[in-house]
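I opened the notebook to go through this model one element at a time. My notes follow in the order in which I looked things up.

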Amino acid sequence: MDAARELAWSNRRLVFDDDTIAAAAEEFNRRNRVQIVVDPAFASEQVRGVFQADDPASFAEVVAARKKGVALRPSRDVIRLQPQNNAVQAPPATPPHPAAP
């Protein structure tokens, strides 16, 4: 482990420097109850940054925003990170009914 990563870990941070998203998610998964599941389409993409080791949700949201993806929360203990085009879309809202005369 290099000195920067070791120092970051002592401050409860994880440092990624062109690590794959899959490898970064594994680091979070080792340290947290909430588990990140990475879509294979995202797994080999690279990520760079410094993140709070105990906040996998923020990591997932940042990666989703940077990679044009989504971070879905299908359950309390799972975050699913995937490309936006693979996300299940919510049905469109129905327009309000016009007021009766």
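How many residues lie between β4 and β5 in the hairpin they form? I counted 2 residues between the two strands of that hairpin. The model is a predicted one, and I kept that in mind throughout.

Entry 1, overall layout.
I listed 4 helices and 5 strands in the protein. Read from the N terminus, the elements follow the pattern α-β-α-β-α-β-α-β-β. I then looked up burial and found that 32% of the 101 residues are buried. The accessible surface is about 6,800 Å², and carbon and sulfur atoms hold 54% of that area. For contacts with a separation of 6 or more, I noted that 50% join residues 24 or more positions apart.

Entry 2, the sheet.
I looked up the pairing next and found an open sheet of 3 strands, ordered β2-β5-β4, with mixed pairing. β2 and β4 (residues 69-75) are its edge strands, each pairing on one side only. From one strand to the next, the twist averages 25 degrees. As a reminder to myself, strands of a sheet pair through backbone hydrogen bonds, and the pairing is either parallel or antiparallel.

I checked both kinds here. β2 and β5 run parallel and are joined by 4 bridges. On that side I located V37 opposite R80 of β5, and Q35 with V78 of β5 as its bridge partner. β4 and β5 run antiparallel, with 5 bridges between them. There I found G69 bridged to P83 in β5.

Which residues of α2 are buried? In this helix, residues 21-31, I found I21, A24, A25, F28 and N29 buried. They are on the same side of α2, because the arc they cover around the axis is only 140 degrees. I then looked up what covers them, and the cover includes β1 (13-20), β2 (35-38), α3 (40-43), β3 (46-52), α4 (56-66) and β5 (78-83). The helix lies across β2 and β5, and its direction makes an angle of about 165 degrees with β2.

Why does A24 count as buried? Its relative accessibility is 0%, and the cut-off for buried is under 20%. Setting aside neighbours within four places in sequence, I found A24 in contact with F16, V47 and F59. I also took one distance: the C-alpha atoms of A24 and L14 are 8.6 Å apart, for residues 10 apart in sequence.

I repeated the burial check on α4 and found P56, A57, F59, A60, V63 and A64 buried. These residues are on the same side of α4, because they cover an arc of only 160 degrees around the axis. Which exposed residues are on the face turned away from the buried side of α4? I found E61 and A65 there. The cover over the buried residues of α4 includes β1, α2, β2, β3, β4 and β5. After the helix comes K68, and I noted that its phi is positive, near 55 degrees.

Not counting residues up to four places away in sequence, V47 touches F16, D17, D18, D19, T20, I21, A24, F59, V63 and R66. I cross-checked this with the A24 entry, where V47 is among the contacts of A24. V63, one of the residues V47 touches, is also one of the buried residues of α4.

Key: Residues are numbered from 1 along each chain as its sequence is written. This is a predicted model: local features need pLDDT of at least 70, side-chain atom pairs count only at pLDDT 80 or more; totals for chains, interfaces and linings use all residues. Side-chain values use heavy atoms; hydrogens and water are left out. Buried means under 20% relative accessible area, exposed over 50%, partly exposed in between (1.4 Å probe, protein chains only). Contact means heavy atoms within 4.5 Å. Accessible areas come from the Shrake-Rupley method with a 1.4 Å probe; for residues, only the protein chains shown count as cover. The arc is that of the directions from the helix axis to the C-beta atoms. Two strands pair if DSSP finds at least two bridges between them. Axes are lines fitted to C-alpha atoms, for helices over the stretch in contact, and angles run from 0 to 180 degrees between N-to-C directions.
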